[in-house]
Amino acid sequence: MDFKTMMRQVLPFILLMSTRSVLGQVTYSIPEEMEKGSLVSNVAQDLGLDLKRLKSGRARIHSGDSAEYIELEKERGLLLVKERIDRETLCGETTLCALHLQMILENPMELFRITIEITDINDNAPTFASSSKRFEISESAIIGSKFVLEKAIDADSGANALQSYSLSPTDNFNLKLANQADGSKKVEMILQKPLDREQQEQISLLLTAFDGGQPRRSGTMQINVHVLDVNDNAPVFSKASYKATISESSPKGTSVITVTASDKDSGSNGQISYLISQNTLRLPDVFQINSATGEVILTGDIDYERAKVLQIDIEAVDNGGLSDSSKILIDIIDVNDNSPQMKILSKSDSISEDSAENTVVTMLSVNDPDSGSNGEVKCKINEDIPFKIENTVNGFYSLVTEVALDRESASQYNITVTCSDEGVPSLSSSVTLTLHISDVNDNTPVFERSSYEASIVENNTPGLSIFTVKARDADWNQNARLSYILEDSSVNGVPVSSYVSVSADSGVIHAVRSFDYEHLKEFHFRVRAQDGGSPPLNSNVSVRILIQDQNDNAPQVLYPVQTGASVLAEMVPRSADVGYLVTKVVAVDVDSGQNAWLSYKVHKATDRALFEVGLHNGEIRTVRQVTDKDAVKQRLTVLVEDNGQPSRSATVIVNVAVADSFPEVLSEFTDFSMHDKEYNDKLTFYLVLALAVVSFLFITCLLLIISVKVYRWRQSRILYHSSLPVIPYYPPRYSDTLGTGTLPHVYNYEVCRTTDSRKSDFKLDRAVSHNVLVMDPSSTGTMQKIHSEKNILDEPDSPLELVDSVT
């Protein structure tokens, strides 16, 4: 019967023992030599696992240091034979042979232990180390003499192992089998009938060894007996068994033990030779015995992890062929010669920074084949990292997070796992794992400054870049991609977006319009920085824009007012001394800073040697004593200039009358007001034309206006009943005080301007009196002091455009 036929008969009777423990362990039993693809078990059903769980958890089999004999078919949850299993190759002489596997699942990580026992089949026949053996036996050998035979070797185990021997023919010898401590049988050939060399010098026997398999297998060895004369004493060992110890690290040539045997014979029949029986696999290659001295020498490598105790069968043979046997039991002493063996079962390359504590990132298996403290392993990781290593199951470790992670502090960790045994000296192994920390949006943008302030010169070009706001985000990639947004607000009731805009990508702030310092000196708004996370995070910052002034406004002269209704003149008595204050030119500039610093100087003058103007205060004073030769009519053109770059200026004409009495100057100033009469005539024409055009609905309003005009005309007839100009006198207060050249009182000037500039007038309010020559062509030439403080604002038809107060 061939092997395949036998396997077909065996497979239907495979015993599949499945025991589910609380720790997730199952045990199966299969025979050796099963064909590839043979079914071992339905492990998913035995463990109560769903097939979807096997696929989602990426189930796989971990076989440790063993070859991959078993594979997992995840689609059906079956364990199949991947490679042919030879129990003798896998386990050697070990009686109990098993594969210890682990099935690993992920998401979440789970571990199941699977034990597969490999049962023996009778695939090995008993064999002898040599095909024949020769004995030289003296004919004087007594009945019952023992002759040790070589034991057969059967690699199978259990019932399939070696069971019995037979010897044929049995005319002179019988077999004797004796059980030994290790379970083997000692085979001896017993002389049951005296030998007669003269009748039979050579005896040929056949020793057959049988195993207990079905069918039985056997092996044979030819025994040749050469009958000698007279050696009637066999050697005897001093001990039935010997014990020795040796370290597994002992070098070759180390003496293990020396055995001794004695023989009562003398001469050549008493000379003993020692030898190692050829009944133990591989031992002849590991040990040798000195045939003369009985010293056992180590000649090969021994490994405590493969065998802890070795037994050597030895023989002592004399020259007559008589022999005795004994055994040596050698205890192997373990040394720490194996480093811990590490294997990564499952590993995560990256983990989110918001992962919970105790999240598993890596699973490892660690094994040390040494024994005792040499095989006890402890694992640790490098310090100062937010991870820890835990021993989950014996020999299995999990690397988990210990505290919350922060990618901004560390975006990657190189984790070195070091496993050391307890031997002396300790041996260790290590593996380095690289773990990347993935980012989450947990940081808000932060501006480089708590607030910003920038300035821009007025009259700028729209679209001009003012400055840049900048924010940073500690996150990464999209979570750190910032956009800048102008928050809604208003400036003087106008949306701030009408003034400035912000670039969403760069944060550059641009002016939307041209600014005017005289209308807007500064304004505030807020800019928001928002990242690209989900949900997005943002922060804002306050921005202050200051408008810088430009010299874009020329000075405006408030006094003296250039009016078309009358000619104003300042009167200087001929008795005026040097430094006499004639008048004061008052001007303002709506710009700021040095652009509004005004200076005064005489641009043109009838007599430059008579008057001068204060550079900074605009006061016009006499430079020398006034004489009779000086002309009555003096005209000065005063230039008012600001301090801007470039500077702007305005001019004003000041008429001065040099006389002690009013009649002296009337004829000189008559021509100043000729054009005013023409102006009044034209204005009357336009009013009459307007009255003719308006509808009846406005007659009431026109009558009211006419009545007001009539009233004022009557008042002017009373006050100005003379055609001569009215020249009020100068009060003592207006004259120079102690020669200081300054006005002793505060004067308030109000400019009232109509839509027709020719009707503009100027009022010096709250002064005690006016030192002004008023030349009115409609007057009759009479003079009168003006004490009324009535302003042109009191007129209902005079709309006010500008009022300014000057000190």
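In what order do the three strands of the open sheet stand, and is the pairing parallel or antiparallel? The order is β17-β21-β20, and the pairing is antiparallel. The structure is a predicted model, in which local features need pLDDT of at least 70 and side-chain atom pairs count only at pLDDT 80 or more, while totals for chains, interfaces and linings use all residues. Residues are numbered from 1 along each chain as its sequence is written, and side-chain values use heavy atoms, with hydrogens and water left out.

Strands (E, at least two residues) and helices (H or I, at least four residues) are DSSP runs, numbered from the N terminus. Two strands pair if DSSP finds at least two bridges between them. In general, strands of a sheet pair through backbone hydrogen bonds, either parallel or antiparallel. Three bridges connect β20 with strand β21 (residues 295–298) in the antiparallel sense, and I289 has V296 in β21 as its bridge partner.

Strand β33 (residues 451–457) pairs with β42 in the parallel sense over seven bridges, whereas strand β41 (residues 522–531) runs antiparallel to β42 and is joined to it by nine bridges. A hairpin through six residues leads from β41 to β42. R544 of β42 takes part in both pairings: R544 is the bridge partner of E453, and H524 stands opposite R544. The covered face of β42 holds S539, V541, V543, I545 and I547, while N538, N540, S542, R544, L546 and Q548 make up the uncovered face.

Turning to side chains, a search of the whole structure finds twelve aromatic pairs. Rings of Phe, Tyr and Trp (its six-membered ring) pair if their centres lie within 6.5 Å; planes under 30 degrees apart count as stacked, over 60 as edge-to-face and the rest as tilted. The pair of F237 and Y274 is tilted, because the ring centres are 6.3 Å apart and the planes stand at 50°. This pair links distant parts of the chain, with F237 in strand β15 (residues 236–237) and Y274 in strand β19 (residues 272–276), 37 residues apart. A residue is called buried under 20% relative accessible area, exposed over 50%, and partly exposed in between (1.4 Å probe, protein chains only). F237 has a relative accessible area of 7% and so is buried; Y274, at 8%, is buried too.

A second pair, F447 and Y452, is edge-to-face, with 6.3 Å from centre to centre and 80° between the planes. F447 is buried at a relative accessible area of 10%, and Y452 is buried at 4%. These two residues belong to one aromatic cluster together with F467 and Y484.

Charged groups also meet aromatic rings. A charge sits over a ring if NZ of Lys or CZ of Arg is within 6 Å of the ring centre and within 35 degrees of the ring normal. The charged end of K308 sits over the ring of Y304, at 5.2 Å from the ring centre, and R513 lies over the face of Y499, 4.3 Å from the ring centre.

A disulfide is a covalent bond between the sulfur atoms of two cysteines. Taking a pair of cysteine sulfur atoms within 2.5 Å as a disulfide, the count comes to two disulfides. Counted along the chain, the bonded cysteines follow the pattern 1-2, 3-4. Since C379 lies in strand β27 (residues 377–381) and C419 in strand β30 (residues 412–421), the pair ties together parts that are 40 residues apart in sequence. C379 is buried, with a relative accessible area of 15%, and C419 is buried at 0%.
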